[in-house]
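Have your viewer ready and follow along.

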Number of protein chains: 2
Amino acid sequence: MMTDEQRQHAIAVIQQALPALEWTLQPAKIKRLSRDFHWFSPLLTEQLAGKQADAVVRPRDEEELRQLVCACAQHQLPLTLRGSATGNYGQLVPLEGGLLVDMTGLNQIVALGNGTVRAQAGIRLADIETAARPTGWELRCMPSTYRLASLGGLYGGGFGGIGSINYGPLAAPGNVLSVKVMTVEPVPRVLTVPAPEALLLHHAYGTNGIILEVELALAPAHQWIERLDVFDDFADALNYANACVRSPGLVKRQVALLATPIADYFSHLKDRYRTGQHAVISLIAEESEGLCASLLPRHRGSNAIRQFSEEARTRNGSLMEYCWNHTTLHALKVDNTLTYLQTAFDPLRYPQQILQMEQHFAGEVMSHIEFLRDIEGNLTASGLQLVRYTTPERLNAIMQIFRDNDVKINNPHVLQVEDGKQGVIRPDVVAVKQSLDPAGLLNPGKLRGWALRDQLELDSNPLTRATRESPTT
Amino acid sequence: MMTDEQRQHAIAVIQQALPALEWTLQPAKIKRLSRDFHWFSPLLTEQLAGKQADAVVRPRDEEELRQLVCACAQHQLPLTLRGSATGNYGQLVPLEGGLLVDMTGLNQIVALGNGTVRAQAGIRLADIETAARPTGWELRCMPSTYRLASLGGLYGGGFGGIGSINYGPLAAPGNVLSVKVMTVEPVPRVLTVPAPEALLLHHAYGTNGIILEVELALAPAHQWIERLDVFDDFADALNYANACVRSPGLVKRQVALLATPIADYFSHLKDRYRTGQHAVISLIAEESEGLCASLLPRHRGSNAIRQFSEEARTRNGSLMEYCWNHTTLHALKVDNTLTYLQTAFDPLRYPQQILQMEQHFAGEVMSHIEFLRDIEGNLTASGLQLVRYTTPERLNAIMQIFRDNDVKINNPHVLQVEDGKQGVIRPDVVAVKQSLDPAGLLNPGKLRGWALRDQLELDSNPLTRATRESPTT
């Protein structure tokens, strides 16, 4: 690892060599830009305290990025890629300082048509939606932070979200078609990697390659109606949500179930329903909404909010921004002693498990359930439960109780890729890093497998189908 | 039951009263129009031998139909509705003679827009597709006979088919929005019945109400690519098909698996692949096809046919017409000693069951597997296996072996609604008949529950949400 002094020196040299780039050197600004939403986790807040970059650069095009990468490789300076910083795992927080590369300048749509889009990593997801919808298409899946979140950020550290009820997570075969990456070498190479190998760079926190562009398949756009329906009984709310989920003829983009008191945390909405009610937020295609109207009374629910998604988005009032980790954000704004979990229920018995956990943890863990298809197309549920935080020990004990009830935990309170969703050290992911970032300069410390690479059997050419862009110099 | 003489007399009187209607009275023509594809079943062929109408009428509009229904009700003459006669259960074959009402004159699209269509029962499904596609929509599900099959026929005796891999069967909540029906009474009423009650008239063989119009939700139209891929090993073909099915990011409209020698029966295609190969026919969205190309070699398959669906349809060469019961038709054209089954596999272990049954019946029962979502959104498989027919006893024994292996049989060799897919006598379906056809004139003999209506507890008003059209006289 470089010393502070060595890094400062390297940065000074690079800055002098590339003075035309957009540099940020003020300490307060660097500190701010080195944060994301990892403060959702009291554990990450503690572990990441004081971690930050030494400088931030915002390349305006691929050529500026290339110059920067070239310089970092020459000086062996760590670099970490930054999108819009809407993640909650500290993905972008540099553990070993170095350069923070703000990718939001690379924000162009490269190609749009035939149900696909190829765009630069720094583009905001909302901008893809805005460009695609007039052509009759929309994103297949996107986080609740789509207004700010970047494509590269979603790819490097995201999951899916809104739309995953149809298409599964971003990682499900068919959603990502290819990525364009830059290597971290003195003479950086640019490769196009088709799926499925492209997925080896997904959710690796930007440790094993610099994503320049992502090519995605799109979904046909629908006229969505956003609904918030309320229920006095949790089981009724669950059953209503699940009936929506399990009707293949009911076209939807999103179904979330929020146990009381979660909806009471929604300061801008809570006047529309009674305190203490359970809520279901859904996005339903216009042609399917009649079915909700007939399902709702059967489950003793009533409608509290109903709006056209298009119109709601125009005035920044979309209910999509009350789902997935926006739910957590709204709650934490009201009560900053809360934290959250990430859980995956069993496709064969998620309704029972959800009820059981809601009853078991009454008051301490609040059910926030998102319905989705898993990577094999099974309808199932995942949880972003809110937790009244007391101690790390209790938080870990709670997670263990979920595990003991066969609910999988994707721990969001850990720093390294492998300790969260990925679960294990994946030699193929590490091999990609060896191939694209041989000196290990990208986001050091985040990929646990890298430190153990000598003990792994690594494929020397893990991206066999990648094609190299001919150098443009 | 009326005698032959009584019926002849009634028809003569009605014909005299309504001479302007389009009557068919030539015996040969009546006989021909009284048939459908029930000859797929040697058992039905025998049971329905000699069954036919006494006359056929083709009303040109709702008013002509109303006059006819009014007359039938006055004379207590049985009437059976006929679409395009592409069914295979003898749905339209009159068991007790009477009038056969050819509905193909009522073939207008009433409303199209916002992802829904309302059309008259006699319209061909292909005509809905043709009208909807330029607006960016298509049918959610349709039989392989869509070129001829009528909307009312699909509703009265059909299932779903192409597209059910996404939307489930036609009966899945959300696919049908409402139906307009006419009662069989001296003064016929016209009612609009919203879903879910509308479904009480679905797959009842037209016994419990005259469907005038059906309102359907549509699917966004995609550019589909039709593929026929071939494999030397059945398990490879199964695994490839299932990988397509279970990738939520792979957008498809149809996936069928055909064990050898089924593809060899396809006279117009068989030069494109070797004899003895297993085939998978799929319709894949253009933006998803790259995934097939990467899945195929992994399962040791190769592509034999690839064509754009739009173009194939224009020249009447669509591979959709080799799926569902068109598969059976192509095989029977080559070998008329064959017959078929209808089976439903278990969503939790259909791949194992499919392999097991293919091995068990090698040579006698040929696996023709269709993948779909069931009514609860589970991905699963159903079979339209081809059978080398020997005796009724052996056919029944084969079906029993499937049942013994937990594969459900929807017997296509029986006459009555309840003995096939419906499985049991449904008092709500019978109650609809009592309400809309109080004298039991519609397609008599097909609804077993009707004869037992005195032993059932029938709701006197089963269509509470129906609205009545104000009389137009």
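At roughly what angle do the axes of helix α8 and helix α9 of chain A cross? In this predicted model, the axes of α8 (residues 234-245) and α9 (residues 289-298) of chain A cross at roughly 150 degrees and come within 10 Å. Since angles over 145 degrees count as roughly antiparallel, α8(A) and α9(A) are therefore roughly antiparallel to each other. The crossing of α8(A) past α9(A) is right-handed. On the α8(A) side, Tyr240(A), Ala243(A) and Cys244(A) make the contact, and they meet Cys292(A), Leu295(A) and Leu296(A) of α9(A). By class, the residues of this contact are six nonpolar, no polar and no charged.

**Two further helix pairs**

In chain B, helix α8 (residues 234-245) packs with helix α12 (residues 350-360): their axes come within 11 Å and cross at roughly 155 degrees. These two helices, α8(B) and α12(B), are therefore roughly antiparallel as well, and their crossing is right-handed. From α8(B) come Phe234(B), Ala235(B), Leu238(B), Asn242(B) and Val245(B), while α12(B) brings Tyr350(B), Pro351(B), Ile354(B), Leu355(B) and Glu358(B). That contact has eight nonpolar residues, one polar and one charged.

Back in chain A, helix α1 (residues 4-17) and helix α4 (residues 62-75) have axes that come within 10 Å and cross at roughly 145 degrees. Here too α1(A) passes α4(A) in a right-handed crossing. Ala10(A), Val13(A) and Ile14(A) of α1(A) touch Leu68(A), Ala71(A), Cys72(A) and His75(A) of α4(A). This contact counts six nonpolar residues, one polar and no charged ones.

| Helix pair | Axes come within | Crossing angle |
|---|---|---|
| α8(A) and α9(A) | 10 Å | roughly 150 degrees |
| α8(B) and α12(B) | 11 Å | roughly 155 degrees |
| α1(A) and α4(A) | 10 Å | roughly 145 degrees |

**Where the chains meet**

How many residues of chain B are in contact with chain A? There are 39 residues of chain B in contact, and they touch 39 residues of chain A. Between them the two chains bury about 2500 Å², with 56% of it on carbon and sulfur atoms. Arg246(B), Pro248(B) and Glu287(B) supply 25% of the area that chain B buries against chain A, more than any other three residues.

How many salt bridges run between chain B and chain A? The count is zero, although a search of the whole structure finds 62 salt bridges over all chains. One salt bridge joins the side chains of Arg253(A) and Glu129(A), at 3.0 Å from N to O. This pair links distant parts of the chain, with Arg253(A) in strand β12 (residues 252-258) and Glu129(A) in helix α5 (residues 125-132), 124 residues apart.

**Backbone points to look at**

Most residues other than glycine have a negative phi, and most peptide bonds are trans. Chain B has a cis peptide bond from Ala195(B) to Pro196(B), with omega near 5 degrees. Pro196(B) sits in the loop between β9 (190-194) and β10 (210-220) of chain B. The bond from Thr260(B) to Pro261(B) is also cis, with omega near 5 degrees, and Pro261(B) lies in the loop between β12 (252-258) and β13 (278-285) of chain B.

In chain A, Tyr205(A) is not a glycine, yet has a positive phi of about 55 degrees. You will find Tyr205(A) in the loop between β9 (190-194) and β10 (210-220) of chain A.

Definitions and conventions: Residues numbered from 1 in each chain as written. Chains lettered and ligands numbered in written order. Predicted model: local features only at pLDDT ≥ 70, side-chain atom pairs only at ≥ 80, totals over all residues. Heavy atoms only, no water. Axes fitted to C-alpha atoms, helices over the stretch in contact; angles between N-to-C directions. Helix = DSSP H or I, 4+ residues; strand = E, 2+ residues; numbered from the N terminus. Parallel < 35°, antiparallel > 145°, perpendicular 65-115°, else oblique. Left-handed = near helix turned anticlockwise from the far one by under 90°. Contact = heavy atoms within 4.5 Å. Nonpolar A, V, L, I, M, F, W, Y, C, P; charged D, E, K, R; others polar. Buried area = accessible area lost by both parts, 1.4 Å probe. Salt bridge = Lys/Arg side-chain N within 4 Å of Asp/Glu carboxyl O.
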